[in-house]
Structure formats: structure tokens, C-alpha cells
Amino acid sequence: MTTRLEARALELAYPSGARALAGVNLKVAAGELLSIVGPNGAGKSTLLRCLAGLLAPTAGAVEIDGAPLGALRPLERARRVAFVPQFLPAVPDVLVEDFVLGGRYAHIDRWRGPTRADYEAVERALSACGAAELRERLLTELSGGQRQRVLLARAAAQSAPVIVVDEPTAALDPAHQVAVFALLASLAREGRCVVLATHELSLASRASDTIALLVCGQVRAVGAPLEVLQPRLLREVYGPDLLIEARDGGVLVAPWARLG
Ligand code: ADP
């Protein structure tokens with residue numbers, strides 16, 4: 001498979017001096033779903049922001065289809081990569097359909113305004129993300145799960161071949177977690193390159209083509225889910241309090257300990 005997104009020898013030190021990424025190499029192909037897992041503070045969000053071009057690495061490079069991401073103008077970058085944050089810092093008081101149309105900003109001509117193609121892209125994204133019935137609701141009045149679907153719809157409407165998603169299931173109940181992973185897998189099956197950070201190791205094991213385990217800013221292991229989610233490695237990284245069982249081609253991983 002041809003590589004679509006590539007990180008090479010990525011280093012990121014924050015101005016505070018914190019070294020969040022230390023020599024990260026990753027390749028993702030079109031149609032591939034890559035889950036980045038690892039403990040809190042491992043550097044997952046930092047890596048995603050570099051992969052989406054929102055944070056410039058201190059050293060190393062990110063390339064999309066062989067083009068250095070850092071050299072692209074913002075609109076050109078937005079046509080190639082969509083970023084879905086964990087949550088919106090401020091939720092705008094707008095209708096869902098207008099918010100999702102906002103995802104088309106890199107395609108809309110400033111003078112002509114949105115065209116039929118833009119509205120069609122919005123419709124496709126809303127229905128692909130199970131958010132069509134939310135179209136006329138206010139974003140501020142949605143539940144966490146509904147808002148997550150709308151954030152994904154906005155990214156899908158952006159029609160970028162690469163989608164980078166930060167912890168999409170963090171605030172969701174189990175049924176919505178399953179739905180979001182199914183949705184991300186379907187976006188990958190459409191041919192997009194989907195990269196997400198998650199703590200949902202069980203669902204990631206079933207939905208992902210590849211898992212990268214990040215520890216202290218370095219890729220500790222990368223490969224097929226069953227290769228990476230090995231009990232010994234997981235206990236080394238996360239500690240002993242885990243239930244780990246191979247099941248149905250995936251791996252069931254849950255926090256498990258005698259409490260009190
Ligand atoms: P994760 O997403 O895996 O929890 P992060 O990428 O958020 O990890 O953080 C990686 C490291 O970088 C942590 O040590 C964190 O404290 C540090 N860090 C994250 N964001 C900033 C920032 N804006 N300024 C300084 N340090 C940061």
C-alpha cells in the first residue's frame with residue numbers, strides 16, 4: 001500500500017522544556033486505520049497535532065503524499081488533513097448543519113459562497129456519521145455523544161484524505177463508543193487514512209489495522225493489534241492491574257484490580 005501520511009524522526013520540545021516527542025517514525029497508508037495508544041502524558045495529543053500540521057515539530061518532518069506538511073498553506077493543508085479535537089474549547093451557538101458546512105471552508109469560494117457540491121458533501125457527512133436527524137438542532141443543546149458525531153461529520157465534510165482524531169470516545173457510553181469506532185472504520189474503508197488516539201484498547205484492537213504504542217514520546221511498539229497488545233508489554237507499560245484476554249480476533253483489555 002502506498003504511504004499517505006509519514007512522520008520521520010519527529011521531535012517536539014515545548015517552550016517549557018518538556019520533551020514530548022523523541023524520534024517518532026510512523027507510516028500510514030490510504031484506507032488504513034491507525035490507533036495511537038499509550039499512558040497519559042505519553043505524547044499522543046502532541047503527536048496528533050504534529051500529524052495534523054497544527055504544531056510544528058522541533059526536528060523531523062511530517063509528509064502527506066510526499067509533500068512536507070509544514071510547507072503547505074493553511075487552506076491547502078485543510079484540503080489534505082482534517083483534525084477532530086477531543087472537545088471544542090467553546091461550543092458555538094449554531095445549527096448543526098451550519099457547523100458541518102463550516103468544515104467545507106477550504107473548498108468554498110469566498111465570493112461565490114457554498115455551492116451544491118458543498119451542501120451535498122454536508123448531507124453525505126451527516127448521514128455517514130449518523131447525525132442527519134440532528135441537522136436542525138443547536139450544537140449547544142446536544143449530548144456529548146451527539147456532539148462527537150457532529151464533530152466527526154464536520155471533519156468528514158472537509159473531504160480530506162487524512163483524518164486525525166483525538167480521543168473520540170472519551171466522554172461516551174459503551175454503545176456510542178462502539179458506534180464511533182464503527183464510523184471511523186467505515187471512513188477508513190472509504191479509502192481515507194484515519195489516525196486516532198485512544199484509551200479504548202479493546203475496541204481499538206478490533207477496529208484498527210495498526211496500533212502504535214507510545215511511551216515517553218517514543219514508539220515502543222507498532223504493528224497489527226495482536227502483535228502490539230501483548231499481555232507482558234501492556235503490563236510493563238500500564239502496570240499489573242489489567243484484565244487481558246484474546247477474544248474473537250481482538251484483545252479484551254480492561255482495568256481490573258481488587259479495590260479496598
Ligand atoms: P498524552 O496525549 O499522551 O496524554 P500529551 O501530548 O498531552 O500526552 O503530553 C505529552 C507531554 O508534553 C506531557 O509531559 C505534557 O505535560 C507535555 N505537554 C503537553 N502540552 C504541553 C504544553 N502546551 N506545554 C508544555 N508541555 C506540554
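This is a predicted model: local features need pLDDT of at least 70, side-chain atom pairs count only at pLDDT 80 or more; totals for chains, interfaces and linings use all residues.
Q: Let's start with the helices: at what angle do H4 and H5 pack, and how far apart are their axes?
A: Helix H4, which covers residues 116-128, packs against helix H5, residues 144-157, at an angle of about 140°, and their axes are 8 Å apart. That angle makes H4 oblique to H5, since only angles over 145 degrees would count as roughly antiparallel.

Q: And which hand does the crossing have?
A: The crossing in which H4 passes H5 is right-handed.

Q: Which residues meet there?
A: From H4 the residues are Ala121, Val122, Ala125 and Leu126, and they meet Ala153, Ala156 and Ala157 in H5. Sorted by class, this contact has 7 nonpolar residues, with no polar and no charged ones.

Q: Switching to strands, what is the order in the open sheet of 4 strands?
A: The order is E2-E1-E4-E5, and the pairing is antiparallel. Strand E2 (19-29) and strand E5 (67-68) are the edge strands, each of which pairs on one side only.

Q: How many bridges link E1 and E4?
A: Strand E1, residues 3-13, and strand E4, residues 59-64, pair in the antiparallel sense over 5 bridges, and within this pairing Arg8 stands opposite Ala61 in E4.

Q: What about E9 and E10, parallel or antiparallel?
A: Strand E9 (residues 210-215) and strand E10 (residues 218-223) pair in the antiparallel sense, over 5 bridges, and Ile211 stands opposite Gly223 in E10. The two strands form a hairpin with 2 residues between them, where Cys216 takes a positive phi near 50°.

Q: Is Glu167 buried or exposed?
A: Glu167 has a relative accessible area of 16%, and because buried means under 20%, Glu167 counts as buried.

Q: Where is Asp248 found?
A: Asp248 is found in the loop between strand E11 (242-247) and strand E12 (250-255). Asp248 has a phi near 50°, which is a positive value in a residue other than glycine.

Q: And is Asp248 buried or exposed?
A: Asp248 counts as exposed, with a relative accessibility of 61%, because the cut-off for exposed is over 50%.

Terms used: Residues are numbered from 1 along each chain as its sequence is written. Side-chain values use heavy atoms; hydrogens and water are left out. Axes are lines fitted to C-alpha atoms, for helices over the stretch in contact, and angles run from 0 to 180 degrees between N-to-C directions. Angles under 35 degrees count as roughly parallel, over 145 as roughly antiparallel, 65 to 115 as roughly perpendicular and the rest as oblique. A crossing is left-handed if the near helix is turned anticlockwise from the far one by less than a right angle, and right-handed if clockwise. Contact means heavy atoms within 4.5 Å. Ala, Val, Leu, Ile, Met, Phe, Trp, Tyr, Cys and Pro count as nonpolar, Asp, Glu, Lys and Arg as charged, and the others, Gly among them, as polar. Two strands pair if DSSP finds at least two bridges between them. Buried means under 20% relative accessible area, exposed over 50%, partly exposed in between (1.4 Å probe, protein chains only).
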